[in-house]
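These notes go through the model point by point. Please keep the structure open while reading.

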Amino acid sequence: MRDDLPELSAEVCARLREAFHQARYDADGVVDLLGDAAHAALGRDEPEPAFQATAGSGPLGTLIRLFLLDAVESRATAAHALAPLPVDDALAAGVLRTCADGVRAGLDIRPHADQQGSWWVVSDRDSRAGTPVGREYVVGVGQAALSLVRATAREPAGTFCDVGTGNGIQALHASRHAATITATDISARALALARGTFLLNEVDVELLRGSWFTPLARRTFDQVVCNPPFVAGPPRVEYTYRDSGLAGDEASALVTRQLPAFLTEGGTGHLLATWLHVQGEDWTERVASWLPPGIDAWFVQRDVADPPLYVSTWLRDAGIDPASAEGRAATRAWLDWFSTERVDGIGFGFVTLRRIAEGGDTTAEPTVVCEDLRHAYDDPLGEEATRWLARVAWLRDTPNLLAVTYTVPPSVVLEQVCEQGSQGWAPAIRRLHRTDGPGWQHELDELAAALLAGCQGALPLSDLLELLAAAHGEPTDSLVAGALPIVRELILHGMLLPVELAGASGQHDPFTAGTQRGE
């Protein structure tokens with residue numbers, strides 16, 4: 001990695017963008033040339049099919065070999081592919097670097113797409129390209145960044161801030177729904193590459209340098225997103241993109257604690273986070289203690305790693321073999337720290353935050369939910385976060401759940417497991433399952449299943465409970481006391497919906513919009 005900062009000026013980026021457009025160096029163009037098989041192989045770090053597919057394929061093939069395969073190309077071939085950007089200008093800007101047989105990529109510049117179109121993202125070449133990774137290494141578009149993209153709500157926002165922008169991927173996606181965008185980073189190199197990303201894609205972003213929230217003093221935003229340096233362990237900074245200099249999970253705690261102060265009333269925050277599983281402590285109590293007052297919060301745990309697995313994963317990320325002498329020494333020191341701190345696991349997941357709007361009932365308690373959702377599901381969590389926040393607000397504004405008429409959405413099914421007895425098959429387990437979103441499941445007893453069967457948009461909950469009590473010979477008061485916590489939980493999980501919001505047909509989740517910011 002070059003020590004000097006890349007000089008990705010507006011003129012360089014404009015000429016590079018023109019070259020990319022001419023060659024069709026975008027997400028669709030790359031897949032069209034490589035074909036599905038070679039493209040899939042490239043995703044598995046198997047480059048040879050891509051080399052074969054790009055042979056003799058003109059400027060697009062050259063750009064793929066330069067920026068995706070780290071191939072060496074002759075100056076003449078590179079000049080043809082990059083025109084109207086001269087090779088000398090590309091070298092001066094850091095886009096290319098010289099080598100014995102010609103030129104090769106100095107930066108990783110690759111297409112990245114969503115459903116609306118394609119961008120280019122600028123980052124450093126990784127260690128597999130034979131380039132030493134430095135302290136301010138700017139990582140490319142990895143799975144962690146993509147998972148945060150999918151976990152971020154996309155409601156219209158007037159103002160958006162990406163804290164710790166890195167290569168700029170979160171701000172790029174925000175350009176689809178935010179009117180104005182600010183991005184910060186402590187690393188001058190990250191800001192230089194992010195600026196290149198934004199100039200290439202003609203996205204207007206305010207860039208600020210500083211640690212954590214320091215550059216944002218006295219400012220607030222409708223939405224704040226942060227992919228912090230959250231690696232848990234002893235305090236150190238080996239790579240600024242992953243190490244905070246804080247011990248344990250203090251980086252995640254700091255962001256969770258401070259981010260809400262930079263939100264407008266009703267504004268939302270989204271971040272990746274890690275939290276320690278400490279012997280004798282409940283992880284949910286640990287993360288909930290990070291929150292300031294007046295904040296709705298949804299913590300979703302997606303994975304828990306044991307210390308040896310966690311350490312080896314991050315050592316390999318740094319290009320260190322855990323079996324080498326260096327790797328064994330680093331592993332020993334890291335595991336000793338975990339042992340001293342009584343850590344037996346490291347959780348990873350997403351945090352959704354909302355600053356409750358002032359006014360109205362100032363005594364209303366915020367909703368804080370910590371959930372373990374380690375099972376597989378495909379739907380983006382960001383869409384569900386929007387619905388979840390809207391359902392939380394509805395519950396806060398609806399003190400009398402008994403007066404409401406409900407319906408069960410068509411995505412919710414009841415599964416039964418039966419056991420054979422003297423009277424034939426009888427249900428032993430009744431499980432309510434939502435087939436979309438995070439795939440929540442709730443086990444029900446016979447009375448709860450019967451109550452939901454009656455939620456068809458005709459009678460309010462109070463009437464249904466009275467009918468149920470009469471049919472089963474149960475006191476109405478006891479049924480009400482038992483039903484309300486279940487009803488609240490099912491509403492929160494989108495498995496039971498107020499009919500006046502769902503519509504008479506009950507064909508959609510009413511809580512898809514929430515409060516639209518910046519309109």
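1. Asp45 sits in the loop that links α2 (27–43) to α3 (48–54). This is a predicted model, and Asp45 has a positive phi of about 65 degrees in it, although Asp45 is not a glycine. For comparison, most residues other than glycine have a negative phi. Asp45 counts as exposed because its relative accessible area is 52%, and the cut-off for exposed is over 50%.

2. Asp70 also deserves a look. Its place is the loop between α4 (58–67) and α5. Asp70 has a positive phi of about 55 degrees and is not a glycine. Is Asp70 buried or exposed? With a relative accessibility of 12%, Asp70 counts as buried, since buried means under 20%.

3. The next loop to check lies between α5 (75–82) and α6 (87–93), and Pro84 is found there. The peptide bond that runs from Ala83 to Pro84 is cis, with omega near 20 degrees. Most peptide bonds are trans.

4. Now the chain as a whole. The protein chain has 18 helices and 18 strands. Its C-alpha trace spans about 90 × 55 × 55 Å along the principal axes. Of the 519 residues in the chain, 50% are buried. Taking contacts between residues at least 6 apart in sequence, 68% join residues at least 24 apart.

5. Asp185 belongs to strand β6 (residues 178–185). Asp185 is buried, as its relative accessible area is 10%. Which residues does Asp185 touch, leaving out those up to four places away in sequence? They are Gly164, Thr165, Gly166, Ala190, Leu191, Leu208, Arg209 and Gly210. For Thr165 there is a further detail: its backbone nitrogen lies 3.3 Å from a polar atom of the Asp185 side chain. Asp185 can also be placed relative to Thr240, which is 55 residues away along the chain, with 9.7 Å between the two C-alpha atoms.

6. Asp222 is part of strand β8 (residues 221–226). Asp222 is buried, with a relative accessible area of 8%. The side chain of Asp222 makes a polar contact, at 3.0 Å, with the side chain of Thr264. Ser175 and Asp222 are 47 residues apart in sequence, and their C-alpha atoms are 14 Å apart in space.

7. Strand β8 comes up again with helix α10. This helix covers residues 250–258, and its buried residues are Ala251, Ser252, Ala253, Leu254, Val255 and Thr256. What covers these buried residues? The cover includes β8, β9 (263–278), β10 (295–305) and β11 (343–355).

8. His433 is in strand β15 (residues 424–434). His433 is buried, because its relative accessible area of 18% falls under the 20% cut-off. Not counting residues up to four places away in sequence, His433 touches Ser411, Val412, Val413, Glu415, Gly439, Trp440, Gln441 and Met495. With Glu415, the contact is a polar one between side chains, at 3.3 Å.

9. The last point concerns a pair of helices. The axes of α16 (residues 461–472) and α17 (residues 476–492) come within 10 Å and cross at roughly 130 degrees. That angle makes α16 oblique to α17. The crossing of α16 and α17 is right-handed.

10. Which residues meet where α16 and α17 are in contact? From α16 they are Leu461, Leu465, Glu466, Leu468 and Ala469, and from α17 they are Thr476, Leu479, Val480, Ala483, Leu484 and Val487. Sorted by class, this contact has nine nonpolar residues, one polar and one charged.

How values were computed. Residues are numbered from 1 along each chain as its sequence is written. This is a predicted model: local features need pLDDT of at least 70, side-chain atom pairs count only at pLDDT 80 or more; totals for chains, interfaces and linings use all residues. Side-chain values use heavy atoms; hydrogens and water are left out. Axes are lines fitted to C-alpha atoms, for helices over the stretch in contact, and angles run from 0 to 180 degrees between N-to-C directions. Helices (H or I, at least four residues) and strands (E, at least two) are DSSP runs, numbered from the N terminus. Angles under 35 degrees count as roughly parallel, over 145 as roughly antiparallel, 65 to 115 as roughly perpendicular and the rest as oblique. A crossing is left-handed if the near helix is turned anticlockwise from the far one by less than a right angle, and right-handed if clockwise. Contact means heavy atoms within 4.5 Å. Ala, Val, Leu, Ile, Met, Phe, Trp, Tyr, Cys and Pro count as nonpolar, Asp, Glu, Lys and Arg as charged, and the others, Gly among them, as polar. Buried means under 20% relative accessible area, exposed over 50%, partly exposed in between (1.4 Å probe, protein chains only). A polar contact is a pair of N or O atoms within 3.5 Å; within protein, one must be able to donate a hydrogen and the other to accept it, and residues adjacent in sequence count only if both atoms are side-chain atoms.
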